[in-house]
Amino acid sequence: MKSEDILFALGETEDKFVLEGAKKKSKAKAVWIKWTAAAACICLVALGAVGIARRSSNEPKWPVEQIYLGTASTTEATYNETAVIKNWDEKTLTEKYNGLDFEEREYHVSFRGPLEEERVGELLGSGLLMGDDVYTGTVHTAAARVWAIAGISPECAVAVKVEDEPGWYVYENNWYYPATLGQLTEDLDYENNVSFGGATFYWLKDDGSHSEIRFEDFEDSAVWEMLFSDLTLENQGDLSWPAVGVLTVTVEHKALGKDNAALVICEDGYVWTNLLGTMKSFFVGKEKTDGFVEWVKDNVPGKEIVYVYPETEEVVEEDMGEESVVEYTSNGYVPEENVEPQTAVEQTTYTNGEGEMISPPYNITEE
């Protein structure tokens, strides 16, 4: 499945004309609104799926840090989580409207707080917000004013404000496709907004087990000098073949409020990022990717993470009740009566010492 399937001029247009345009929108628009967020989640899962390096018997030994997962319980259920969807009138602006139609581009809401006012740029024009009510099947629309975000190309993201609603909110173009690395860095103002954090390295031990190595934060200049020195590199888009990522570097974008995006360094000379949802990849050459990975392992402090699982499990029978929900949408979970029956599955959840739920790490085998 391609990542674009997985993952999305100054004007004086009167609001009434914008609203009239809503009547021409088809149900296909509502389908897009409903499933875009779910597809974005799949993209994040894909990050873990490529993050295992091949077997190596020459890896250094890092200090070990144990993470205790506390207690576990197993429940037979037909749902992933339990959540109650708010009624339409109870939702916030961004909970209601997760789609924006502007300048013939479709944007999707970024679930961050209001944009800082000093980051709001010039007024660009009027757009149409869209959202669907899962209880009634109604597609709602609202006229909105659209502003630029200071330093960010409107091709990437915009700030949206609705009359009588406080604050501006970020809406992103998940289908933004830069031609080159230089265009990507310029359109997203990498110099002033992007910072690279620590890194995670997954590798396969000789005994067949997986090891997770977490490295501390390092200087951003290492990425630019060792990987991104050539801004003319063409965007290769979706890497449709299996791209084995040996090292994942965290990426933060201040203006967009992103602190968990990724830069994945692959063993075949490619690097790619999921900023704005879809894959943007560049071939920098195997010599550079290998050199960067070795530099991180040799120069950045790291530690091996070992997850300690509970020895026993308590089997819990849970009554899901009438408000149980089973199907994910961008607005939450659809009530059980609105979806087809599903086969019960066994699920295990883990909690720490304070009773907080912890997701099991990727590719860790339970004893």
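Student: Let's begin with the surface: of the accessible surface of the protein chain, what percentage belongs to carbon and sulfur atoms?

Tutor: Happy to start there, and keep in mind that this is a predicted model. The accessible surface of the protein chain comes to about 19,300 Å². The part that belongs to carbon and sulfur atoms is 48%.

Student: And what percentage of the residues count as buried?

Tutor: The protein chain has 367 residues, and its fold includes 8 helices and 20 strands. A residue is buried when its relative accessible area is under 20%. By that cut-off, the buried percentage is 49%.

Student: Which helix holds N193, and which residues does N193 contact?

Tutor: N193 has a relative accessible area of 2%, so it is buried. Its place is in residues 190–193, which make up helix α6. Leaving aside neighbours within four places in sequence, its contacts are R119, I152, L188, E252, H253, K254 and A255.

Student: Now the open sheet of 8 strands: which are its edge strands?

Tutor: The order is β1-β15-β10-β9-β11-β12-β13-β14, with mixed pairing.

Student: In β11, which residue is the bridge partner of A199?

Tutor: β9 covers residues 194–204 and β11 covers residues 245–253. These two strands run antiparallel and are joined by 6 bridges. In β11, A199 is partnered by V249.

Student: At about what angle does helix α8 run to β11?

Tutor: Helix α8 spans residues 286–299. It lies across β9, β10, β11, β12 and β13. Its angle to β11 is about 80°.

Student: Which residues are buried on the two faces of β13?

Tutor: In a regular strand the side chains alternate between the two faces of the sheet. Both faces of β13 are covered. One side has Y270 and W272, and the other has V271 and T273.

Student: In the hairpin of β12 and β13, which turn residue has a positive phi?

Tutor: β12 and β13 run antiparallel with 3 bridges, and I265 has V271 as its bridge partner. The hairpin has 3 residues between the strands. In its turn, a phi of about 100° belongs to G269.

Student: And which turn residue has a positive phi in the hairpin of β13 and β14?

Tutor: Here 4 bridges join the antiparallel strands, and T273 stands opposite K280. The hairpin has 6 residues between its strands. The turn residue with a phi of about 65° is L276.

Student: Finally, over which residues does pLDDT stay under 50?

Tutor: The mean pLDDT of the protein chain is 75, and 62% of its residues reach 70 or more. Where pLDDT is low, the predicted coordinates should not be read in detail. One stretch under 50, with 19 contacts beyond four places in sequence, is residues 77–82. Another stretch below 50, with 34 contacts beyond near neighbours in sequence, is residues 320–328.

Terms used
Residues are numbered from 1 along each chain as its sequence is written. Side-chain values use heavy atoms; hydrogens and water are left out. Buried means under 20% relative accessible area, exposed over 50%, partly exposed in between (1.4 Å probe, protein chains only). Accessible areas come from the Shrake-Rupley method with a 1.4 Å probe; for residues, only the protein chains shown count as cover. Contact means heavy atoms within 4.5 Å. Two strands pair if DSSP finds at least two bridges between them. Axes are lines fitted to C-alpha atoms, for helices over the stretch in contact, and angles run from 0 to 180 degrees between N-to-C directions. pLDDT is the predictor's confidence in each residue, from 0 to 100.
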